[in-house]
Amino acid sequence: MLQVKDKLTLAEFLAIPEGDVTYELVDGEVIPKMSPKKFHSRLTRVLLQLLDEWCAGRGEVCPELAIKLTRRGRDWVPTPDILYISADRFPPDWEEDGACPVPPELAIEIISPGQTFGQLAAKARDYLDAGVLRVWVVDSQARSITVFYPDAPPQTYMGDTPLIDSLFDGLEITAEQVFQLARIPG
């Protein structure tokens, strides 16, 4: 486990070597992410597969890619469970092996044991304030996907109601489809 006593700058945080634990930079502090469990891992795999099939030629879908953002005027480096960034937004000259330098269109957070919907709803607001266009919070217990928008109230999808968004032209999934493919018990 990384031991940090003082607040870190963005450059210091980005210089931390990769290891078994994923960290986020929040208000200068290094915060470890929750360790994914079986349902979380299955949901990540299914969402990656569905989004990857949809986005062929449109951009990139990445699991646990850190993003350089600003939160309340300070450097913030969250690591969403999954992100999607379009080819239009992705800097064509960005070839370094590091954090994503621009806000993606989509950040997906999957609730882990020990986390609450309220915590991730607050994080969703921070993502939107930093320029992310959509945030999905996936709740395996409620079998729901809540979509957060920068200019509208969040909308929760359950069952067979299609999650359709003009930002992701041609993508149509349902919460039930995701949870069935991930073999999450109902």
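1. Leaving aside its neighbours within four places in sequence, which residues is proline 103 in contact with? With contact taken as heavy atoms within 4.5 Å, the residues are Ile67, Leu69, Ile85, Arg89, Ala130, Gly131 and Val132. Proline 103 sits in the loop between strand S6 (82–86) and S7, where helices (H or I, at least four residues) and strands (E, at least two) are DSSP runs numbered from the N terminus. With a relative accessible area of 21%, proline 103 is partly exposed, given that buried means under 20% relative accessible area, exposed over 50%, and partly exposed in between, for a 1.4 Å probe and protein chains only.

2. A word on the basis of these notes: this is a predicted model, in which local features need pLDDT of at least 70 and side-chain atom pairs count only at pLDDT 80 or more, while totals for chains, interfaces and linings use all residues. Residues are numbered from 1 along each chain as its sequence is written, and side-chain values use heavy atoms, with hydrogens and water left out.

3. The sheet is open and is formed by 6 strands in the order S3-S6-S7-S8-S9-S10, with mixed pairing; two strands pair if DSSP finds at least two bridges between them. Because S3 and strand S10 (155–158) each have a single partner strand, they stand at the edges, and one side of each is left without a neighbour in the sheet. From one strand to the next, the twist averages 15 degrees. S9 and S10 pair in the antiparallel sense over 4 bridges, and methionine 158 in S10 is the bridge partner of serine 144.

4. H2 lies across S3, S6, S7 and S8 and runs at about 175 degrees to S3, where axes are lines fitted to C-alpha atoms, for helices over the stretch in contact, and angles run from 0 to 180 degrees between N-to-C directions. Among the buried residues of H2 are Leu43, Val46, Leu47, Leu50 and Trp54, and what covers the buried residues of H2 includes S12 and H4 as well as strands S3, S6, S7 and S8. Glycine 57, which follows H2, has a positive phi near 80 degrees.

5. A search of the whole structure finds 8 salt bridges, each being a side-chain nitrogen of Lys or Arg within 4 Å of a carboxyl oxygen of Asp or Glu. In one of them, lysine 123 pairs with glutamate 109, the closest N and O atoms being 3.2 Å apart. This pair links distant parts of the chain, since lysine 123 is in helix H3 (residues 117–129) and glutamate 109 in strand S7 (residues 106–110), 14 residues apart. Both lysine 123 and glutamate 109 are buried.

6. Two further pairs deserve a look. Aspartate 165 and arginine 134 meet in a salt bridge at 2.6 Å, N to O, with aspartate 165 buried at 8% relative accessible area and arginine 134 buried at 13%. Arginine 143 and glutamate 176 meet at 3.1 Å, N to O, so that parts 33 residues apart in sequence are tied together.
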